Amino acid sequence: MSDRTRGGEAVSDLAAFARAGITSLDTADNYGPAEALIGQYLRLHPWNSPATTIATKLSYINEEQMAGVSRTLVEYAVRSCLVRTGRQRVDLVQLQKWLDVLKWLAELREQGMIGHIGLCNFDVPSLAKAMDARVGVVSNQVQYSLIDRRPALYMQQAAQAYGVQLIAYGTLAGGLIADKYYGVAAGKVRLDTASKQKYGTLLHQVGTPPGGLAGGAAVAGGGSWAFMQEVLGATRAVGERHGGVSSSAVALAWVLQQPQVACALKLDDADMLDLDAVWEGAPNPPTSDIYVWERGGAWAV
């Protein structure tokens with residue numbers, strides 16, 4: 001979904017996405033009105049419905065949200081998604097935590113309400129437990145981009161071993177990996193969406209040397225924004241070698257070109273080396289598993 005999540009503007013955006021060939025829509029039960037907006041879009045553009053894939057998430061994230069959750073409530077959540085989107089089946093339901101829910105999702109899949117079961121932000125130990133449940137998990141959605149390569153540390157190998165596909169989000173860092181930010185001073189960058197604020201914090205973390213200032217929700221000057229300028233310089237150079245495609249297209253192609261995924265824009269070895277060279281210069285690269293830092297754990301172990 002786009003940043004414009006109100007009424008007609010969001011529906012118009014979804015129609016434009018479809019015209020551009022984007023037919024897979026990722027949402028969640030806690031993404032505001034996103035599921036309902038997808039349903040409105042499909043009702044207004046029914047000819048696009050057969051080609052549209054909908055992936056949603058059940059956002060049981062903490063113990064308070066999980067308290068009292070039962071099979072009945074899980075089924076209610078799935079049925080509510082079906083009503084809001086106007087579908088007979090949800091193509092993919094992704095679980096954000098709490099393995100106990102997997103068995104209920106498997107039952108709903110057998111009843112035809114769910115096409116596939118996936119995970120979201122599961123680290124390697126949690127993925128192993130999910131696979132031990134033997135319910136046919138097909139995917140794990142993870143944050144993956146040129147400025148966040150944590151999935152390559154541990155998750156990528158584990159996913160290959162289990163036959164699980166990685167679905168990447170945050171591939172453009174909330175829109176910060178874009179040509180319009182190249183050469184722009186840090187003080188002129190507006191973190192005017194929740195997504196930009198999130199990835200601004202991440203950029204500050206990866207771009208600040210150990211012992212420097214930690215945390216912070218702004219794209220500070222110095223190391224963090226200087227590192228982003230190096231990333232954009234590399235993506236622009238690669239884009240020029242491919243006919244002038246955008247930095248965003250190059251960044252997306254890099255993620256899609258990771259193991260088990262194909263993409264339309266094929267980067268060659270020189271392109272990949274140039275993009276990897278920028279990462280080698282990151283002031284504070286992570287060494288922890290995916291989503292450990294976001295849950296209060298260490299960035300580097």
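How many nonpolar, polar and charged residues does the lining of the second largest pocket have?

**View 1. The whole chain, for orientation.** This is a predicted model, with 11 helices and 6 strands in the chain. There are 301 residues, and buried ones make up 47% of them. If you take the contacts in the chain with a separation of 6 or more, residues 24 or more positions apart account for 68%.

**View 2. The second largest pocket and its lining.** This pocket comes out at a volume of about 160 Å³. By class, its lining has 4 nonpolar, 3 polar and 4 charged residues. Gln96, Lys97, Trp98 and Leu99 are among the lining residues, and so are Asn121, Phe122 and Asp123. Pro125, Ser126, Lys129 and Arg295 also belong to the lining.

**View 3. The largest cavity.** The count comes to 1 cavity of 30 Å³ or more, and the largest cavity has a volume of about 30 Å³. Its lining includes Asn121, Gln143, Asp148 and Arg150, along with Tyr169, Ile290, Tyr291 and Glu294. Sorted by class, that lining is 3 nonpolar, 2 polar and 3 charged residues.

**View 4. Asn121, in the loop between β4 and α6**. Asn121 turns up in the lining of the second largest pocket and in the lining of the largest cavity. Its phi is near 60°, a positive value in a residue other than glycine. Is Asn121 buried or exposed? With a relative accessible area of 5%, it falls under the 20% cut-off, so Asn121 counts as buried.

**View 5. Arg134, in the loop between α6 and β5**. Here is another residue other than glycine with a positive phi, this one near 55°. Arg134 has a relative accessible area of 74%, which is over the 50% cut-off, so Arg134 counts as exposed.

**View 6. Helix α1 packed with helix α2.** Two packed helices are described by the angle between their axes and the distance between the axes. For α1 (residues 7-19) and α2 (residues 34-44), the angle is about 65° and the axes are 9 Å apart. The crossing of α1 past α2 is right-handed. On the α1 side, the residues that meet α2 are Gly7, Ala10, Val11, Leu14, Ala15 and Ala18; on the α2 side, they are Leu37, Ile38, Gln40, Tyr41 and Leu44. The residues of this contact divide into 9 nonpolar, 2 polar and no charged.

**View 7. His45, in the loop between α2 and β2**. Leaving aside residues up to four places away in sequence, His45 touches Val11 and Ala15. Those two residues of α1 also take part in the contact with α2. Why does His45 count as buried? Because its relative accessibility is 18%, and buried means under 20%.

**View 8. Helix α5 and its neighbours.** Helix α5 spans residues 102-110, and its buried residues are Leu102, Trp104, Leu105, Ala106 and Leu108. An α-helix has 3.6 residues a turn, so residues three or four places apart point the same way. What do the buried residues of α5 pack against? The list has the strands β2 (53-58), β3 (90-95), β4 (114-120) and β5 (137-143), plus the helices α4 (71-85) and α6 (124-132). After α5 comes Gly112, with a positive phi near 90°.

Methods
Residues numbered from 1 in each chain as written. Predicted model: local features only at pLDDT ≥ 70, side-chain atom pairs only at ≥ 80, totals over all residues. Heavy atoms only, no water. Buried < 20%, exposed > 50% of the residue type's maximum accessible area, 1.4 Å probe, protein only. Helix = DSSP H or I, 4+ residues; strand = E, 2+ residues; numbered from the N terminus. Contact = heavy atoms within 4.5 Å. Axes fitted to C-alpha atoms, helices over the stretch in contact; angles between N-to-C directions. Left-handed = near helix turned anticlockwise from the far one by under 90°. Nonpolar A, V, L, I, M, F, W, Y, C, P; charged D, E, K, R; others polar. 1 Å grid on protein atoms, 1.4 Å probe; cavity = no way out; pocket = protein on both sides within 12 Å on 5 of 7 lines; lining within 4 Å. Points joined across faces, edges and corners; volume = space filled by probe spheres on them.
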